[in-house]
Amino acid sequence: MGIINFQGKRTAVQKNNSELILVSDYMTKKVVSFKEEQPIEEVIETLINNRISGGPVVNEKNELIGIISEGDCMKQVSESRYYNLPIDKNNTVGKAMVREVETIDGNMNIFDAANKFLESKRRRFPIVENGKLVGQISQKDVLKAAIRLKGNTWK
């Protein structure tokens with residue numbers, strides 16, 4: 001009589017209990033934001049002091065109206081420095097900011113957000129709920145989520 005089964009002991013199949021990792025789990029809730037009437041010099045100082053590359057612009061109701069970045073500030077600085085003039089005190093966030101802002105839903109899967117970052121070449125996306133700014137997600141936040149996931153599920 002020969003050997004009937006070479007498979008050995010069978011173990012129960014483990015179910016994949018991967019939970020959705022949402023943008024809202026990793027977004028920054030204490031966002032450094034700016035007002036439309038703020039001078040560019042003040043924005044530059046805030047960006048440097050907080051080690052950030054930009055931030056959302058909100059009105060008095062905390063509604064998102066734009067976004068300003070280091071690049072937007074550099075345009076203002078380069079124009080005045082080109083003519084060897086001080087930075088114009090009338091240069092405000094409202095004149096330099098981008099008004100058409102892409103946002104991300106806080107309920108989006110973090111890895112779908114990663115794809116959106118790759119497609120758009122942006123560094124950050126604001127998160128808006130009911131018209132109000134509630135947070136911001138950056139590329140670094142997505143990387144933090146990936147590292148934490150690796151520690152929990154990958155070998």
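Me: In which sense do strand S1 and strand S2 pair, and over how many bridges?

Reply: In a regular strand the side chains alternate between the two faces of the sheet. In this predicted model, strand S1 (residues 54-58) and strand S2 (residues 64-69) pair in the antiparallel sense over five bridges, and the bridge partner of Gly54 in S2 is Ser69.

Me: How many residues lie between S1 and S2, and which residue in the turn has a positive phi?

Reply: S1 and S2 form a hairpin with five residues between them, and within that turn Asn62 has a positive phi of about 65°.

Me: Turning to H2, which of its residues are buried, and where do they fall when the helix is seen down its axis?

Reply: An α-helix has 3.6 residues a turn, so residues three or four places apart point the same way. In helix H2 (residues 40-50) the buried residues are Ile40, Val43, Thr46 and Leu47. Seen down the axis of H2, these buried residues fall within an arc of 120°, so they line one face of the helix.

Me: Which exposed residues does the face of H2 turned away from its buried side carry?

Reply: That face carries Ile48 and Asn49, both of them exposed.

Me: How should I read the largest nonpolar core, and which of its residues touch the most other members?

Reply: In soluble globular proteins, nonpolar side chains tend to be buried together. Here the largest nonpolar core has 15 residues, of which Ile21, Val23, Tyr26, Ile104, Ile110, Ile137 and Val142 touch the most other members. At least two residues of this core come from each of helix H1 (23-26), helix H5 (110-120), strand S3 (124-129) and helix H6 (139-153), with H5 giving the most, four residues. A second, separate core has 10 residues, among them Phe34, Val57, Val93 and Met97.

Me: Leaving aside neighbours within four places in sequence, which residues is Val23 in contact with?

Reply: With those neighbours set aside, Val23 is in contact with Ile104, Asp105, Gly106, Met108, Asn109, Ile110, Ala113, Ile127 and Ile137. For the protein as a whole, residues 24 or more positions apart account for 61% of the contacts with a separation of 6 or more.

Me: What pattern does the protein follow along the sequence, and what share of its residues is buried?

Reply: The protein has six helices and four strands, which follow the pattern α-α-β-β-α-α-α-β-β-α when read along the sequence. Buried residues make up 34% of its 155 residues, while the accessible surface comes to about 11,300 Å², of which 50% belongs to carbon and sulfur atoms.

Conventions
Residues numbered from 1 in each chain as written. Predicted model: local features only at pLDDT ≥ 70, side-chain atom pairs only at ≥ 80, totals over all residues. Heavy atoms only, no water. Core = buried A, V, L, I, M, F, W, Y, C linked by side-chain atoms within 4.5 Å. Buried < 20%, exposed > 50% of the residue type's maximum accessible area, 1.4 Å probe, protein only. Contact = heavy atoms within 4.5 Å. Pairing = 2+ DSSP bridges. Arc of directions from axis to C-beta. Areas by Shrake-Rupley, 256 points an atom, 1.4 Å probe, with all protein chains shown as cover.
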